[in-house]
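This briefing is meant to be read beside the sequence and the 3D structure. Please keep both open while going through the points.

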Amino acid sequence: MKLKTTLSSLLCGVLLAGCVDLELTDPNQRTTDTFWKGRNDALQGINAAYRGLQDNGTYGRWLTFAYDLRSDIGHSRSPWGDLANFTRSVLGSYDFEVNREIWQHHYRAIFRANQVIANVPAITAMDATLRDRVVGEAKFVRALLYFNLVNLYGNVPVILDPSEPTDRPNQQAAEQVWAQIEKDLTEARAVLPASYTGDDRGRATRWAATALLGRAHLQQREWPQASQMFADVIANGGFRLLPSFGDNFTMAGENSVESIFEVQFSGPQLLSAGSRGQNILKMIGPCGVGFCDGEPTEWYFNVFQQSRTATGEVDPRLDATLFYNKPGGMDVYGRPFAARYPNRINDKFWKKYGEHWVRDFQDWDNAVNFKVMRLGQILLLQAEALNEQNQSAPALALLNEVRARAGVTPVAAGLTQAQMRDMIMREQLLELGLEHERFLWLKRQGWLGDAGRIAQLRANDPDFNFFEPHRALLPIPVTEVNLNPNVKQNPGW
């Protein structure tokens with residue numbers, strides 16, 4: 001689903017609670033009084049909400065820095081000092097561009113979703129099933145955005161209605177944010193279809209809502225509830241692992257049988273239609289073809305070296321995830337690694353999500369979709385949920401299903417719960433690097449509040465800077481705190 005431009009009233013943004021003034025005098029400009037009248041209005045509105053997932057502060061750029069590069073799998077040597085410091089959870093200004101845009105762009109997209117949820121139910125001139133579906137899609141989008149906000153910022157305002165410039169919403173405890181996420185997803189999965197066809201492929205489905213609901217329970221350590229949702233997706237969703245792991249991160253693998261939900265991106269040829277590409281690999285891709293503002297840690301590279309196939313070869317997922325000076329040679333955007341980087345021969349660079357097969361440089365507007373949820377991920381999250389309930393046998397079967405696709409040796413039975421937890425953790429590292437999962441694992445497994453674990457993480461990544469517990473949450477932008485007296489800064493910041 002390549003999204004198109006909609007009304008400027010839905011595309012204009014706000015800090016948090018403000019909105020645009022829709023009472024315009026231009027007779028050709030539609031307003032809230034003339035919009036929201038029929039089917040096309042409803043579809044334009046929900047498309048604008050999906051479009052909000054493409055922004056820099058959502059899935060277009062900065063979430064990768066907040067989730068992956070702040071964890072121990074990535075670090076930054078960027079000459080942009082403030083950006084490198086952000087990956088260490090050090091912010092000289094809480095309004096630094098990355099932090100500010102993550103906050104603003106999430107709430108801007110929530111504003112659009114709220115417009116749909118508030119106005120579409122009153123449209124009588126459209127099919128009732130479609131009307132319910134559109135509202136369900138908006139609730140899914142809103143839940144996804146709050147999922148990121150509560151994980152990154154903790155206590156945040158929960159805005160459920162279209163905002164006014166004078167609104168100063170109250171900050172809600174994380175438990176209340178999670179409750180709203182669960183409510184939105186429960187209502188969404190009741191009305192969303194199991195699949196789509198044609199140009200509608202890529203919209204949120206019942207299975208996307210179910211999988212995200214499972215992830216919400218998982219992140220709260222509600223293992224049985226998470227397991228129930230994941231089991232439904234695995235047994236009834238009709239998803240299958242692609243034969244090749246790497247195909248998930250190319251245009252050929254978009255909206256595939258493995259994909260549960262992905263953010264739809266367009267290359268530069270479609271920007272005139274209001275859609276855009278993601279910038280992730282332009283920012284953190286290999287030096288020269290990208291800006292290499294983020295790189296994998298040496299420790300992360302070595303995790304792959306410890307995973308082997310039956311014939312003793314290195315885990316093949318390494319070559320789909322990273323560029324490195326591979327014995328026998330590896331091309332980096334059409335040139336051999338050794339020829340391109342004779343002075344950085346031991347360095348490693350991110351490869352996943354790059355357009356390395358297309359040209360000799362990485363374009364700003366990358367058309368490869370971002371995988372928010374896919375079957376390989378859900379199998380491993382279900383293995384984690386089951387293991388935490390002392391159900392090691394079914395957890396092991398799921399773990400080995402993912403390993404079988406990669407061609408690596410199966411894990412033998414007989415592990416303790418702690419040993420199985422470690423194996424699941426390692427498999428998530430191998431399978432889910434640069435997919436926003438490592439930081440979430442560290443949070444839900446309690447590593448970010450454990451001094452011993454922090455020391456271990458700092459051994460993995462010397463830049464890992466969570467020795468102060470408050471750094472597990474980002475600071476709320478100071479402009480937001482100053483604007484809204486009902487929003488208090490996160491403790492420690």
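Predicted model: local features only at pLDDT ≥ 70, side-chain atom pairs only at ≥ 80, totals over all residues.

Residues are numbered from 1 along each chain as its sequence is written, and side-chain values use heavy atoms, with hydrogens and water left out.

- Helices (H or I, at least four residues) and strands (E, at least two) are DSSP runs, numbered from the N terminus.
- Strand β10 covers residues 370-374, and five of its five residues are buried, so the strand is largely enclosed by the rest of the structure. Buried means under 20% relative accessible area, exposed means over 50%, and partly exposed lies in between (1.4 Å probe, protein chains only).
- Strand β4 (residues 259-263) pairs with β10 in the antiparallel sense, over four bridges; two strands count as paired if DSSP finds at least two bridges between them.
- Within this pairing, E262 stands opposite K371 of β10.
- Of the 13 residues of α15, 13 are buried, leaving the helix mostly covered.

**Salt bridges**

- The whole structure contains 33 salt bridges, each being a side-chain nitrogen of Lys or Arg within 4 Å of a carboxyl oxygen of Asp or Glu.
- E295 and R77 meet through their side chains in a salt bridge, at 2.7 Å from N to O. E295 belongs to strand β5 (residues 295-296) and R77 to the loop between β1 (74-75) and α5 (81-86), so this pair ties together parts 218 residues apart in sequence.
- E295 is buried at 3% relative accessible area, whereas R77 is partly exposed at 47%.
- R203 and E137 form a salt bridge whose closest N and O atoms are 3.1 Å apart. Since R203 lies in the loop between α8 (174-191) and α9 (206-219) and E137 in helix α7 (residues 128-153), the pair ties together parts that are 66 residues apart in sequence.
- R203 is buried, with a relative accessible area of 6%, and E137 is buried at 0%.
- R374 forms a salt bridge with E435, with 2.9 Å between the closest N and O atoms. R374 is in strand β10 and E435 in the loop between α17 (417-432) and α18 (438-444), so parts 61 residues apart in sequence are tied together.
- R374 is buried at 1% relative accessible area, and E435 is buried at 3%.
- R374 and E435 are also members of a network of salt bridges, which includes E258, D315 and R317.

**Disulfide**

- There is one disulfide, defined as a pair of cysteine sulfur atoms within 2.5 Å.
- C287 and C292 form the disulfide, with their sulfur atoms 2.0 Å apart.
- The torsion about the S-S bond of C287 and C292 is about 100 degrees, so the disulfide is right-handed.
- Both C287 and C292 are buried.

**Position of M251**

- M251 sits in the loop between α10 (223-236) and β4.
- M251 is partly exposed, at a relative accessible area of 37%.
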